[in-house]
Amino acid sequence: MTGRRAGIPPCAETVEACPMPTPFSLRLLPSSVLGSVLLLTAVAAPASADQLRMVALSFPPLIYDDGGKPAGIAYDIVTEAMKAAGHSVTVEIMPWARALDTVREGGADAIFTAYKTPEREQFLTYSTQVLVPQVVSLFVAKDSPVSFDGDLSKLADRKFGVVNQISYGPILDEAIKAGVLPAVEKSNDSDSNVKKLVSGRFDVMPSNRYVAQYFLKQAGALEKVRELTPAVQDIPSYIAFTKARDTSKLRDEFDAGVAAMKASGAYQQILDKYAR
């Protein structure tokens, strides 16, 4: 979870990096007022008709820095959907709290991937189309006798491996918090967690499906692990556009673009590309 910048022109980084001509009428204002006017103008200014600025959190394989350039499932879907409407997209990867502040203030056109909450809907216009379904599943070693029928309490005697400070959705989070799953080992990151599962340090690894597939692939362990069914929870995530200005047309264009990608098979091709 880093604040790397990928492909962002210097002018897009900060207001101070974007010099603006000062109209004669503004030159008559006191310097303190003038500074405020220019700041508000720069922050609220929309991207050009064909160039959009977006922000996101590093979350492989949905979006991440790949040699100085953004990549990932969500990144590919967003850029392809907006390209169909004639837009190019610049994405800056940054910490989540900062990304939310940026789009709230109008410094970016959109943010992804985002869960829908009442608080966020006050300053964000969400897509109708789901950007990426965040499916939380349980993973075990391929030869493990563990099975799952949807009742987590039946796995109370199994040791779970989780990543510290990561949410697995309300169902699993509450099961751990309430002691329904009493044996939990924590890792610092998903890579370490996958390696512990493969080496037998614990029995069950909960994970976002795409995250698990990504790190299993990196570890060369795709064939050593299997996903239990049913999934624990399916949480939709979206792209959301700023309400600092009217972005409803952008939202509609994104929805149309993703719907077309799903109908043509292009959407599934992107998912498959990163899964295997």
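Q: At what relative accessibility does Tyr64 count as buried?
A: In this predicted model, a residue is classed as buried when its relative accessible area is under 20%. Tyr64 falls under that cut-off and therefore counts as buried, its relative accessibility being 13%.

Q: How many aromatic pairs are there, and is the pair of Tyr64 and Tyr214 stacked, tilted or edge-to-face?
A: Rings are paired if their centres lie within 6.5 Å, and by this rule the count comes to three aromatic pairs. For Tyr64 and Tyr214, the ring centres are 5.6 Å apart and the planes stand at 50°. Planes under 30 degrees apart would be stacked and those over 60 edge-to-face, so this one of the three pairs is tilted.

Q: Which parts of the chain does the pair of Tyr64 and Tyr214 link, and how many residues apart are they?
A: Tyr64 belongs to strand S2, which covers residues 64-66, while Tyr214 belongs to helix H9, which covers residues 209-218.

Q: Which residue joins Tyr64 and Tyr214 in a cluster of ring pairs?
A: The rings of Tyr214 and a further residue, Phe215, have centres 5.1 Å apart and planes at 90°, so that pair is edge-to-face. Tyr214 is buried at 15% relative accessibility, and Phe215 is buried at 16%. The residue that ring pairs link with Tyr64 and Tyr214 into a cluster is Phe215.

Q: Over which ring does the charged end of Lys116 sit?
A: A charge over a ring occurs with Arg104 as well, which lies over the face of Phe123 at 4.2 Å from the ring centre. For Lys116, the charged end is 4.6 Å from the centre of the ring it covers, and that ring belongs to Tyr238.

Q: How many of the 11 residues of helix H4 are buried?
A: Helix H4 spans residues 73-83 and is largely enclosed by the rest of the structure. Its buried residues include Ile73, Tyr75, Asp76 and Met82.

Q: What is the relative accessible area of Asn193?
A: Asn193 lies in helix H8, residues 190-199. Leaving aside neighbours within four places in sequence, Asn193 is in contact with residues including Gly161, Ser187 and Phe202. Asn193 is buried, and its relative accessible area is 1%.

Terms used. Residues numbered from 1 in each chain as written. Predicted model: local features only at pLDDT ≥ 70, side-chain atom pairs only at ≥ 80, totals over all residues. Heavy atoms only, no water. Phe/Tyr/Trp six-rings, centres within 6.5 Å; stacked < 30°, edge-to-face > 60°. Helix = DSSP H or I, 4+ residues; strand = E, 2+ residues; numbered from the N terminus. Buried < 20%, exposed > 50% of the residue type's maximum accessible area, 1.4 Å probe, protein only. Lys NZ or Arg CZ within 6 Å of the ring centre and 35° of its normal. Contact = heavy atoms within 4.5 Å.
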